[in-house]
Amino acid sequence: FIIPPILEQDPTPQNIISSEIIILDGSGVNLSNNIQDAINNASINAIIKVSGIYSITNPIVIDKPLKLIGKSARIVYNGLDSAIKIQSNGVEIDSFDIRGPSRENGNGILITEGDSVIINNCKIHSFFNGIHIQDNEVSITNCRDIYSNTNGILINGFDNSQIINCKFYNNKDGIEILKDGTEIPNNNIIIESNFEDNEINGIHLNGADLNTIEYCTFEGNEICGILINGMSLNNEIKKCMIIDNGCGVSIKMDSELNSIYHNHFELNSENGNDENPAITNFWDDTVSRGNYWDDYFGLDTDYDGIGDDTYVNGVIDNYPISAAGRYIESLLPYSVEYWNPSGESIILANIDLKPKQSKIIYLYYGFEEMHSLGRTGLEAVAVEPLAFKKYTEDNCVFYENDFEILYNIPTLEPPDPKAGEW
């Protein structure tokens, strides 16, 4: 049963050659050929809107530029290949729940000709590879449920992809970026994404060069937050929260010239491990600032936010960030609406959040240790009646409950409270 196309006027014709819009409503029919037939019959740059549940055993093949947009759309794949194969540039897939048979088989999405391919706001689980990228310039955005796969995403020897605001959990590896023969993957960017409770690593760089990991959170990954090996060179890890993993970041003997700086390491069984720490990798920005390490207990006698002594514990950081110094570069625009030094207070601040993203907000007093409140873990609640309705440049209210401020000198007046973020 195939529902015939319904033609509508494209709301953004300047970006579309064809104005064709095809609407598919599964309505419980669950026939495997619905989506594929719509793709086969669609013109270039058509928009196919899909709702309903589709149980399939053969891959959906997209071999022309078009948009596949879901609304309460689910694809249940029962085969051993790939649920969706993208074999064209200019493809966009948005808002699908893609379910596989098990983490031992197939790909949720296989991209073999993928320049300008966009995967947005999709759930992908129970495949060997949630997304397998075999071409350049793929964008994966706002996919907050990539879970129960062997690899959440595998980039196999290709370059210039972006992974932004995604969440990977309960996979074996969240992301693996892997050399393929002589093809070395480089210039891929992973930003503002979460890697939680993966069974092996949050991210594995294996023979990968010049990739960037920034503003990500790694928490509860069993072996490593980030593992770098296979002669991986010149990768950059910065401004990440790396908490409660087996090892925070591990770099093997064969990998060098990697830079790890401005990160926060806390509660890991081992914060960092570098098999060549004094020679080939950089655990600070080489100028003035390294990382925060919760097992660094050196002094900061000039209160500049940098410890007086080098951090040496599995790695060498020449400019370790002191307990108070971790907040110096993370100020938020804020104002104090109500302040009670011994009870609940309200601070108004502007915070930049993307859809389904969360941030940890901090409160502190100056930079001297005796005034540092430390990490308080404030929760962000949007002022809008529905939380997380708007995410960018919203006014947010941060509520802090049940805290106590301690002073070494009881008569000292507290400096102004400040809000910061990681």
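**Which strand do four bridges join to E10, and in what sense do the two run?**
Strand E13, residues 151–156, is the partner, and the two strands run parallel. This is a predicted model.

**Close-up of strands E7 and E10.**
Strand E7 covers residues 107–113. E7 and E10 pair in the parallel sense. Four bridges connect them. Look for Ile111, which stands opposite Ile133 in E10.

E10 spans residues 129–133. Is this strand largely enclosed or open? Five of its five residues are buried, so E10 is largely enclosed by the rest of the structure. Buried here means under 20% relative accessible area.

**A negative patch on the surface.**
Four residues form this patch: Asp197, Glu219, Glu222 and Asp244. Find Glu222 in the loop between strand E21 (217–219) and strand E22 (224–229). Is Glu222 buried or exposed? Its relative accessible area is 52%, so Glu222 is exposed. The cut-off for that word is over 50%.

**The salt bridge between Lys85 and Asp81.**
A search of the whole structure finds seven salt bridges. One of them joins the side chains of Lys85 and Asp81, at 2.9 Å from N to O. Lys85 has 19% relative accessibility, so it counts as buried. Asp81 has 32%, so it counts as partly exposed.

The side chains of Arg99 and Asp97 meet in a salt bridge. The N to O distance is 2.9 Å. Arg99 is partly exposed, with a relative accessible area of 28%. Asp97 is buried, at 12%.

**The salt bridge between Glu196 and Lys167.**
Which parts of the chain does this pair link? The side chains of Glu196 and Lys167 meet at 3.5 Å, N to O. The pair links distant parts of the chain: Glu196 lies in strand E18 (residues 194–196), and Lys167 lies in strand E15 (residues 167–169). The two residues are 29 residues apart. Lys167 is partly exposed, with a relative accessible area of 23%. Elsewhere, salt bridges with shared partners join Arg74, Asp97 and Arg99 into one network.

Terms used: Residues numbered from 1 in each chain as written. Predicted model: local features only at pLDDT ≥ 70, side-chain atom pairs only at ≥ 80, totals over all residues. Heavy atoms only, no water. Buried < 20%, exposed > 50% of the residue type's maximum accessible area, 1.4 Å probe, protein only. Pairing = 2+ DSSP bridges. Patch = residues over 30% accessible without salt bridge, like charges linked within 9 Å, V, L, I, M, F, W, Y side chains within 5 Å. Areas by Shrake-Rupley, 256 points an atom, 1.4 Å probe, with all protein chains shown as cover. Lys, Arg positive; Asp, Glu negative; His and termini not counted. Charge placed at Lys NZ, Arg CZ, Asp CG, Glu CD.
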